[in-house]
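Please take a look at the structure shown here. We will walk through it together, one place at a time.

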Amino acid sequence: MSAVALSIENVTYNYGTRRALNDLSLQVEPGEIFVFLGPNGGGKTTLFRLLSTLAPLQAGKVDVLGFDLATQRDQVRRRIGVVFQSPSLDKKLTVAENMRQQSALYGLSGAAAKEAEERMMRQLGVHDRAGDLAEQLSGGLRRRVELAKGMIHRPRLLLLDEPSTGLDPGARSSLWEYLQRIRAEQGVTIVLTTHLLEEAEKADRIAILDQGTLVALDTPTALKSSVGGDSVTITTRGDAEALAMALRQIVSYEVRVMDSAVRFEAPDASHLAPHIMQALGEQIDSITFGKPTLEDVFIDKTGRQYWREEATHE
Ligand SMILES: Nc1ncnc2c1ncn2[C@@H]1O[C@H](COP(=O)(O)OP(=O)(O)OP(=O)(O)O)[C@@H](O)[C@H]1O
C-alpha cells in the first residue's frame, strides 16, 4: 500500500480558454472520507472525470494508490470504484441482474461472481430486494445498488460524484451510514464531490474548490474554527450599504454586505451587541449571532456568498 491514497500535484485543466482547475495540489490519506466541496462551476466534475480516467491529464501529476494516472491508467482503473452522478442502473433488470452485469464486466463468473454479488448486496442492505426491478426501488435504494456495483471488485479507492443528488434527507443520511460502514469493513478510501454544505460536514477532511482553485483544506472543525469567532448577521429595512458603513466606524472587523444583510465575524460578538444596538438600533431590524458554519468559511476565504453562486446557475 502506498503511503497516500491519492496525490494531486499542480493539476491544471482547461476547456479551451476556460480554466476549470487551477494548479491544484493535495493528498488524501488511506481510509479517509474526503470531500471536494464547492458551488457549481467549482471544478468538482472536471476533477472527478480526471480521477476516474475519463478525461486526460493536461498538466500536473496524479498518483492513485501509488500508480501514475498518466502512464498506468489500467492499473488505476482496476483499483478504483466509480459511482457517477447520472443513474447507471438498467431499470428493466432486477437488482441481482444489475449486479451480475457488473461482476461480468470485471471478469468474475461462477461462484466467485455470486459470492461478490451477495457480499456487496448484503453490505449495502439491498439483498432482500435482489429480485425487484431497479425501477421499483426508491432513489435511495437505487443509489445503494449503484454503490454495491461500484464496490464489487473490492476497489481500494471509491470515487463518487455528487452521490446525494436527488435524494431526500433521510436517504442521504442512510447513504452516509453505508459509506461509513464500507470504510470500516473494507478500509476503502472514499473521495466524493458535493455542493451540499451539510453533507461535507460529515467528511474527515474537506477541500473547498472555488472557480477551480483550492481555497481551503482541513477537517470540518478546523475549517470552522479558522473563521475567527462568531458570525453576526444584521438585517435592515433601510440601506444595507449605509448600515455597513456606519458599523465600520464602530467595529474593527471586516464588515460585508451580502444578500441585503450586513455580516461580520468577531470573537467577542455578543459583547458588541449592546454597543451596536445603542448606536445603530434605529436602522436595525434583527441581529443574529451564530457559530461559524462551512458557509462562513467559504465567505471568509472567497469574499462571496456560497448559495448565490449556486442560484445563478440554476
Ligand atoms: N465541456 C465543457 N466545456 C467548456 N467548459 C466547461 C465544460 N465543462 C465544464 N466547464 C467549465 O469548467 C468549470 C468547472 O466546471 P465543473 O463542471 O468541473 O464544475 P463543478 O464544480 O462540477 O460544477 P457543476 O456542479 O455545475 O458540474 C466551469 O466554469 C464550467 O463552466
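The paragraphs below visit the ligand, then the salt bridges, then the aromatic pairs and the end of a helix.

A word on the ground rules comes before the tour. This is a predicted model, in which local features need pLDDT of at least 70, side-chain atom pairs count only at pLDDT 80 or more, and totals for chains, interfaces and linings use all residues. Residues are numbered from 1 along each chain as its sequence is written, and side-chain values use heavy atoms, with hydrogens and water left out.

Let us begin at the ligand. Around it you will find Tyr-15, Arg-18, Ala-20, Pro-39, Asn-40, Gly-41, Gly-42, Gly-43, Lys-44, Thr-45 and Thr-46; a residue belongs to this shell if one of its heavy atoms lies within 4 Å of the ligand. By type, the shell divides into three nonpolar, six polar and two charged residues. Here Ala, Val, Leu, Ile, Met, Phe, Trp, Tyr, Cys and Pro count as nonpolar, Asp, Glu, Lys and Arg as charged, and the others, Gly among them, as polar.

Which atoms of Arg-18, Gly-42 and Lys-44 lie by an oxygen atom of the ligand? For Arg-18, a polar side-chain atom lies 3.2 Å from a ligand oxygen. Lys-44 also places a polar side-chain atom by a ligand oxygen, at 2.8 Å. With Gly-42, a backbone N or O atom lies 3.0 Å from an oxygen atom of the ligand. On its own, the ligand has 630 Å² of accessible area, and the protein covers 62% of that; such areas come from the Shrake-Rupley method with a 1.4 Å probe, and for residues only the protein chains shown count as cover. Two or more shell residues come from each of strand E2 (18-28) and helix H1 (44-51). H1 gives the largest share, three residues. These helices (H or I, at least four residues) and strands (E, at least two) are DSSP runs, numbered from the N terminus.

Next, turn to the charged side chains. A salt bridge is a side-chain nitrogen of Lys or Arg within 4 Å of a carboxyl oxygen of Asp or Glu, and by this rule the structure has 19 salt bridges. One of them joins Asp-74 and Arg-77, whose closest N and O atoms are 3.6 Å apart. The two residues are three apart in helix H2 (residues 73-79), so about one helical turn separates them. Asp-74 is partly exposed at 47% relative accessibility, and Arg-77 is partly exposed at 38%. For these labels, buried means under 20% relative accessible area, exposed over 50%, and partly exposed in between (1.4 Å probe, protein chains only).

Other salt bridges reach across the sequence. Asp-285 and Arg-237 bring their closest N and O atoms to 2.9 Å. Asp-285 sits in the loop between helix H10 (269-280) and strand E14 (286-290), while Arg-237 sits in the loop between strand E11 (230-235) and H9, so this pair ties together parts 48 residues apart in sequence. Asp-285 is partly exposed, at 38%, whereas Arg-237 is exposed, at 75%.

Because Arg-263 lies in strand E13 and Asp-296 in helix H11 (residues 294-302), the pair ties together parts 33 residues apart in sequence. Elsewhere, Lys-61, Asp-63 and Asp-68 are linked in a network of salt bridges.

Now for the rings. There are five aromatic pairs in the structure. Rings of Phe, Tyr and Trp (its six-membered ring) pair if their centres lie within 6.5 Å; planes under 30 degrees apart count as stacked, over 60 as edge-to-face and the rest as tilted. Phe-34 and Phe-36 are edge-to-face, 5.2 Å centre to centre with 65 degrees between the planes. Phe-34 is buried at 0% relative accessibility, and Phe-36 is buried at 1%. Tyr-253 and Phe-264 have ring centres 6.2 Å apart and planes at 5 degrees, so this pair is stacked. Tyr-253 is partly exposed, at 25%, but Phe-264 is buried, at 1%.

Our last stop is H11. Its buried residues are Leu-294, Asp-296, Val-297, Phe-298, Ile-299 and Thr-302. After H11 comes Gly-303, with a positive phi near 75 degrees.

How values were computed. Polar contact = N/O pair within 3.5 Å; in protein donor to acceptor, adjacent residues only side chain to side chain.
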